[in-house]
Amino acid sequence: MKEIIVVSDFDGTITNKDGLYSFIEAYAKAGWEKIEQDWVDGKISSKKCLIEEFKLVPDLSEELIASFIRTIGIDESFKNFYNHLSENNIDFCIVSDGIDYFINKILKQHGINDAKIISNHGVFRGEFFEITFPNDYSGCRNNAGTCKCKIISDLKKDYKKVIYIGDGTSDFCVADKADVLYAKSKLLNYCKDKGIECVPYNSFKDIEVIL
């Protein structure tokens with residue numbers, strides 16, 4: 001069994017804003033807000049939310065996404081944090097209920113090409129953007145596209161300590177599953193409300209100092 005792995009959410013945690021939400025907000029036709037709220041309220045799964053919202057984006061293309069991705073920044077301390085883990089042989093992976101097509105391209109424009117990513121899958125097939133869910137799980141209590149609880153549970157079989165870093169709604173279900181939890185924004189407020197132990201942070205520099 002290995003010693004430790006650091007797991008991080010992506011949208012709003014590594015990025016400076018929720019990329020997928022911002023994309024839909026910028027380009028989807030009216031009606032996406034109702035779909036988003038239905039997901040927040042637990043009326044529909046994140047899978048259905050993603051598929052239905054992307055249906056409302058007219059003229060969806062690789063060029064449109066590429067233009068949008070150029071507007072997405074990341075935590076300026078993340079790259080140093082990522083390199084620090086690599087130099088010290090600490091395993092790292094991104095676990096996201098977002099889409100790898102976006103994640104890979106955002107990381108690449110910031111010089112990161114080899115991060116392990118567990119997420120939903122997006123690919124253009126001609127003019128159609130297909131979204132699939134290779135990491136869903138029939139027992140997921142939230143019916144998420146990527147079941148973070150199942151992934152953390154599996155990682156605990158291979159690692160003595162699992163550190164999780166997150167910020168938002170999709171991280172609530174794993175808040176009490178990680179051995180050490182770093183939280184900010186909505187996740188931090190959730191932990192305070194539920195009495196879940198966590199370490200507040202503002203940037204990856206804070207976490208690097210503690211590690």
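Ile163 stands opposite Val180 in β6. Let's start from that pair. The strands here are β5, residues 159-166, and β6, residues 180-183. They pair in the parallel sense over 4 bridges. Two strands count as paired if DSSP finds at least two bridges between them. Helices (H or I, at least four residues) and strands (E, at least two) are DSSP runs, numbered from the N terminus.

A word on the source. This is a predicted model, where local features need pLDDT of at least 70, side-chain atom pairs count only at pLDDT 80 or more, and totals for chains, interfaces and linings use all residues. Residues are numbered from 1 along each chain as its sequence is written, and side-chain values use heavy atoms, with hydrogens and water left out.

Now the whole sheet. Which order do the strands take? The order is β4-β3-β2-β1-β5-β6-β7, in an open sheet of 7 strands with mixed pairing. β4 and β7 (199-200) stand at the edges, each with a single partner strand, so one side of each has no neighbour in the sheet.

Next, β1, residues 2-8. It runs parallel to β5, joined by 6 bridges. It also pairs with β2, residues 91-99, in the parallel sense over 4 bridges. Look at Ser8. Its bridge partner in β5 is Ile165, and in β2 Ser8 stands opposite Ile94.

Over to β3, residues 116-125. β3 and β4 pair in the antiparallel sense over 5 bridges. His121 stands opposite Thr132 in β4. Their hairpin has 2 residues between the strands, and Gly126 takes a positive phi near 70°.

In a regular strand, side chains alternate between the two faces of the sheet. Take β4, residues 128-132. Phe129 and Ile131 make its covered face. Phe128, Glu130 and Thr132 make the uncovered one.

Last, two helices. Helix α1 is residues 19-27, and helix α4 is residues 62-69. How do they meet? Their axes come within 11 Å and cross at roughly 120°. Axes are lines fitted to C-alpha atoms, for helices over the stretch in contact, and angles run from 0 to 180 degrees between N-to-C directions. α1 and α4 are therefore oblique to each other. Under 35 degrees counts as roughly parallel, over 145 as roughly antiparallel, 65 to 115 as roughly perpendicular, and the rest as oblique.

Who makes the contact, meaning heavy atoms within 4.5 Å? From α1, Gly19, Ser22, Phe23 and Tyr27. From α4, Leu64, Ile65 and Phe68.

Conventions. Contact = heavy atoms within 4.5 Å. Buried < 20%, exposed > 50% of the residue type's maximum accessible area, 1.4 Å probe, protein only.
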